[in-house]
Amino acid sequence: SRQLEEAEHSVGALTKLKAKLSADLEEAKRSLEDEARARSKLATEVRNLQADNDTLRDQVEEEGEGKAEVQRQMAKVQGELASLRAKINSGELGGGEASEEVKRKMAARVAEFEAQLEQANAKCSS
């Protein structure tokens, strides 16, 4: 009878322990599932951020190429303008309306290229 009571007590204690271990196991499974979901979400976010980074890098490269092209064109126009000014000052082009017209056209081109250069610089700095 005493042995039976001890055995019943042991069975009761083991049953409680089994229930606690089962509950702990379920909690661990839920925690593991939560971690797996979080890890998957983070991996997706990392992939998206890497794609965004690649896109932005390409845009910066394109803007840099555009800026270099605008600067090249600006230098060309400034060279042409300096050449024309030298010709005008030396009298090669003659005076009057023709030289004034050339000056206006060149000034307009310089202003246009300066505006493009400023836009390219603004894009590159932002």
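This is a short tour of a predicted model, stop by stop.

Residues are numbered from 1 along each chain as its sequence is written. Local features need pLDDT of at least 70 and side-chain atom pairs count only at pLDDT 80 or more, while totals for chains, interfaces and linings use all residues; side-chain values use heavy atoms, with hydrogens and water left out.

**Stop 1: the whole chain**

Show the protein chain as a cartoon. It has two helices and zero strands. Both kinds of element are DSSP runs, numbered from the N terminus: helices are H or I with at least four residues, strands are E with at least two. Select residues 2-90 for helix α1. Then select 96-125 for α2.

Accessible areas come from the Shrake-Rupley method with a 1.4 Å probe; for residues, only the protein chains shown count as cover. Of the 126 residues in the protein chain, 10% are buried. Buried means under 20% relative accessible area, exposed means over 50%, and partly exposed lies in between (1.4 Å probe, protein chains only).

How far apart in sequence are the residues that meet? Among contacts between residues at least 6 apart in sequence, 80% join residues at least 24 apart. A contact here means heavy atoms within 4.5 Å.

**Stop 2: the core**

Select Met-74, Val-77, Leu-81, Leu-84, Met-106, Val-110 and Phe-113. These seven residues form the largest nonpolar core. Such a core is a set of buried Ala, Val, Leu, Ile, Met, Phe, Trp, Tyr and Cys residues joined through side-chain atoms within 4.5 Å. The elements giving two or more residues to this core are α1 and α2. The most come from α1, with four residues. In soluble globular proteins, nonpolar side chains tend to be buried together.

Centre on Val-110. Which residues does Val-110 touch, leaving out those up to four places away in sequence? The answer is Met-74, Val-77 and Leu-81.

Move to Leu-84, in helix α1. Leu-84 counts as buried because its relative accessibility is 19%. Draw a line from Leu-84 to Lys-103. The two are 19 residues apart in sequence and 8.0 Å apart in space, C-alpha to C-alpha.

**Stop 3: a nonpolar patch**

Select Leu-14, Leu-17 and Leu-21. Together they make a nonpolar surface patch of about 300 Å². Patches are made of residues with over 30% relative accessible area and no salt bridge; like charges are joined within 9 Å, nonpolar side chains (Val, Leu, Ile, Met, Phe, Trp, Tyr) within 5 Å. Leu-14 lies in helix α1. Its relative accessible area is 55%, so Leu-14 is exposed.

**Stop 4: salt bridges**

The whole structure holds seven salt bridges. Each puts a side-chain nitrogen of Lys or Arg within 4 Å of a carboxyl oxygen of Asp or Glu. Three of them are worth a click.

- Select Arg-2 and Glu-6. Their side chains meet at 3.3 Å, N to O. Both lie in helix α1, four residues apart, about one turn of the helix. Arg-2 is exposed at 60%, and Glu-6 is partly exposed at 42%.
- Select Glu-27 and Arg-30. Here the N to O distance is 3.0 Å. The pair is separated by about one helical turn because the two are three residues apart in helix α1.
- Select Glu-69 and Arg-72. This salt bridge spans 2.5 Å, N to O. Glu-69 is partly exposed, at 32% relative accessible area; Arg-72 is also partly exposed, at 45%.
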